[in-house]
Amino acid sequence: MRRLHWIDRGSLRQFILNAQDNVDGGIADRPGDVADVFHTFFGVCGLALLGYTQDDLDGFEGLKRVDPVYALPVDVLERMQVPVWRM
């Protein structure tokens, strides 16, 4: 959609990080709630799509680029010879 400029990237990053469960792991739907697999998956994908991958200057070590169509790591799709979305 090419609408990343509509999002306050830093605030969304901070919201996702604040929703982490630092004891048991995972990400909740909002800070203070119980983490679950669904929100953990989409929280991690969200961070990757916002540009916080290991390839980015302010990214997280080990976080790979994610394809927004398949919600899978780009390197996995490339190994499977599946065309990836180029943003």
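Me: Why is G43 called buried?
Reply: Its relative accessible area is 7%. Buried means under 20%, exposed over 50%, and partly exposed in between, with a 1.4 Å probe and protein chains only. So G43, at 7%, counts as buried. This is a predicted model: local features need pLDDT of at least 70, side-chain atom pairs count only at pLDDT 80 or more, and totals for chains, interfaces and linings use all residues. Residues are numbered from 1 along each chain as its sequence is written, and side-chain values use heavy atoms, with hydrogens and water left out.

Me: What does G43 touch, not counting residues up to four places away in sequence?
Reply: G43 touches I16 and I27. Contact means heavy atoms within 4.5 Å.

Me: Where does G43 lie?
Reply: G43 lies in helix 2, residues 37-49. Helices are DSSP runs of H or I with at least four residues; strands are runs of E with at least two; both are numbered from the N terminus. The protein has three helices and two strands, in the order α-α-β-β-α.

Me: What makes F41 and F42 an aromatic pair, and why is it edge-to-face?
Reply: Rings of Phe, Tyr and Trp (its six-membered ring) pair if their centres lie within 6.5 Å. Planes under 30 degrees apart count as stacked, over 60 as edge-to-face, and the rest as tilted. F41 and F42 are 4.8 Å apart, centre to centre, with 85 degrees between the planes. Therefore they pair, and the pair is edge-to-face.

Me: Why is the pair of Y52 and F60 called tilted?
Reply: The angle between the planes is 50 degrees, and the centres are 6.1 Å apart.

Me: How do you know whether Y52 is buried or exposed?
Reply: Y52 has a relative accessible area of 3%. The limit is under 20%, so Y52 is buried. F60 has 25%, so F60 is partly exposed.

Me: What makes F41 and F42 partly exposed?
Reply: F41 has a relative accessible area of 36%. F42 has 45%. Both values fall between 20% and 50%, so both residues are partly exposed. F38, F41 and F42 form one aromatic cluster.

Me: Which ring does R9 lie over, and how do you know?
Reply: R9 lies over the face of Y52, at 4.1 Å from the ring centre. A charge sits over a ring if NZ of Lys or CZ of Arg is within 6 Å of the ring centre and within 35 degrees of the ring normal. R13 also lies over the face of Y52, at 5.2 Å from the ring centre.
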